Amino acid sequence: MQKPLIKSICLNIIYKWLWRPVLKFFVGIQYPDCSFLRNEKQFVIIANHNSHLDTLSLQSALPGDILWRVRPVAAEDYFGNTKLKAKLSNFFINTLLINRKSKKEDGPNYSMNKMLKAIDDGYSLILFPEGSRGEPEQMSKMKSGIARLLAQRPGLKYVPVFMTGMGTSLPKGGMVPLPYNATLHFGKPTLPETDDSYAIMDQIEKDFANMVEQYGIKEDEDDD
Amino acid sequence: MRKILSNLFPEQSSEVILMISIILITLLAVSAILLAVKKAMPEKNITEIVNRTKSWWIMIGIFIAAIFINNTASYVFLAILSFFAFRELYSVLHFRQSDRSALLVALLTIPVQYALAYFKWYGGYIIFIPVIMFLLLPPIMVIKQDTHRITKSMALLHWSLMLSVFGLSHLAFLLSMPDLEGFSSGGRGLLLFLVFLTEINDIMQFIWGKTFGKHKILPNVSPNKTWEGFIGGVISTTVIGYFIGFLTPLSTSQVIFTSAMISVFGFAGDVVLSAIKRDKGIKDMSDTIPGHGGIFDRIDSLSFTAPAFFHLMYFLVYPPFQPFEEICKNL
């Protein structure tokens, strides 16, 4: 797979030089050290989804030189409903557009086939298995597509990422981002233990349950 | 060194230049000792203290550049400091989703509060957050009609605002203090005195506690704090304050009282923030400054000492402020 030089430079400028300082100083997002991802040839980042800030901060957290080969999976009906929008989001966000309502019969346009092709082309993916952004700061049930994807490509590692505070800063329907010390917590790159998609789903859900337990906001239910 | 600094900061008095030289020389000495220790005993793990010293260089560099080069830039710098501190505080305290708009309005008070300090309108500055915002923010929350735990949110928001914006903005108003006859360092000298003593007090309490600490002072809040650290800190801060009293227009007994007060209030700010962190189950407020934690972990004592010191100075040395009409005429 050839590195597209212009695109790579563009993505670097946009995410590492523009978005990252803005998100860090004005919004207050706290970035962990992600250089360990350089050692991974290919991976699927699985993250919780509460805000438009999610993709932005995830991409600006990644090491600059691998940005071009990490593609966030996005909904076609939202980011690609016109040809121009699709082209722009492909170039500037490096998205992989999928149709959420597509069926198996659609062949290469079926969302699963599209993701599998990207994997086979050597790309890494960013996936939000919850689907839509949902209620701020709450995790909804994950869809099983991610498990089926991992089951069909044994040896592919996944990286769970749990983000807190993004939904407080910019919730669904919010217009102005509230400066907020939102945090990204990166888990370790993990191999699925089996190739059974149900077992993989359980494994991922357990990972996230642990991260919620460790980093999640504990709402103190006091006596009132 | 003093010559170079005088050229760098031509508007500053010789006392301020002397003080900046003392700070830089101390920091150089500490760095040299650390370097020597690292060379002589490479097996000893001093990474944490090295990181802290590195951060001190950066913090002191930024502080001196921001406060002593350009007057307007000083106010902007302090406002940004308030912004970071306030953001850290409300991020940790967990507000409700429906408090977002009130928080955004509260953020807008930062430029207003610092502008009031910049234009030297003391009357407006001193009531803006304690009175006006106290009355304005709760109704903004009520408009959302989400009453579940609204009392808590109202109280938390105003408390955070008082601590991180109103408290810290006293640093800015020190810069707006009128000139006194026979006192060339002005408000900047006072600011330097306050910030230096507060930070040195933190360090002294830490060192005394580490070396001689035995009897815990508040074991359920901060297990590392001891009576030895507290008392040793107060004594050494008072002694150091006595020697850098040349930055202030105070008499000897006033300097001693002021330094001891800074030490006690600094300790108070420190333990108050420790208690909050303990309540929230966190170690640091954020991870902005390597080796120190968040901004508020560093300036927690300052948010207490700044208002206390300011009002003591206001009481001891400054004549009453000019009325608003005269400020308008001068604008």
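# A tour of chains A and B

Start in chain B, where the C-alpha centres of domain 2 and domain 3 of chain B lie 21 Å apart. This is a predicted model: local features need pLDDT of at least 70, side-chain atom pairs count only at pLDDT 80 or more, and totals for chains, interfaces and linings use all residues. Residues are numbered from 1 along each chain as its sequence is written, while chains are lettered from A and ligands numbered from 1 in the order in which they are written.

**Stop 1: the domains of chain B**

Colour chain B by domain: domain 1 is 1–69, domain 2 is 72–176 and domain 3 is 180–331. These bounds come from an automatic or database domain assignment.

Now select the contact between domains 2 and 3 of chain B. Domain 2 of chain B puts in 21 residues and domain 3 of chain B 22 residues. Contact here means C-beta atoms, placed from the backbone, within 7 Å. On the domain 2 side, α4 (71–93), α6 (122–143) and α7 of chain B each supply at least two residues. The largest share, nine residues, comes from α7(B). That side of domain 2 of chain B divides into 14 nonpolar, five polar and two charged residues. Ala, Val, Leu, Ile, Met, Phe, Trp, Tyr, Cys and Pro count as nonpolar, Asp, Glu, Lys and Arg as charged, and the others, Gly among them, as polar.

**Stop 2: two helices of chain B**

Show α7 (150–175) and α8 (186–212) of chain B. Their axes come within 7 Å and cross at roughly 145°. Axes are lines fitted to C-alpha atoms, for helices over the stretch in contact, and angles run from 0 to 180 degrees between N-to-C directions. Helices (H or I, at least four residues) and strands (E, at least two) are DSSP runs, numbered from the N terminus.

Which residues of α7(B) and α8(B) make the contact? Pick B:Leu171, B:Leu174 and B:Leu175 on α7(B), then B:Gly187, B:Arg188, B:Leu190 and B:Leu191 on α8(B).

Move along to B:Leu194. Not counting residues up to four places away in sequence, B:Leu194 touches B:Ile262, B:Thr305, B:Ala306 and B:Phe309.

**Stop 3: across to chain A**

Select the boundary between the chains: 11 residues of chain B are in contact with 12 residues of chain A. On the chain B side, α4 and α5 (100–118) of chain B give two or more residues. α5(B) gives the most, with four residues. The chain B side divides into three nonpolar, four polar and four charged residues.

**Stop 4: the sheet of chain A**

Switch to the cartoon of chain A. Six strands form an open, mixed sheet in the order β3-β2-β4-β1-β5-β6. Strands pair if DSSP finds at least two bridges between them. The edges are β3 (96–98) and β6 (183–186) of chain A, each pairing on one side only. The twist averages 25° from one strand to the next.

Zoom in on β4 (124–127) of chain A. β1(A) (43–47) runs parallel to β4(A), joined by three bridges; A:Ile46 has A:Leu127 as its bridge partner. β2(A) (70–75) also pairs with β4(A) in the parallel sense, over three bridges. There A:Val70 partners A:Ser124.

Do the β4(A) side chains next: A:Ser124 and A:Ile126 point one way, A:Leu125 and A:Leu127 the other, and all are buried. Buried means 20 or more other C-beta atoms within 10 Å of the residue's own.

Finish at β5(A) (157–164), which pairs with β6(A) in the antiparallel sense over four bridges. Select A:Phe162; A:His185 in β6(A) stands opposite.

How values were computed: Contact = placed C-beta atoms within 7 Å. Buried ≥ 20, exposed ≤ 12 C-beta atoms within 10 Å, placed from the backbone.
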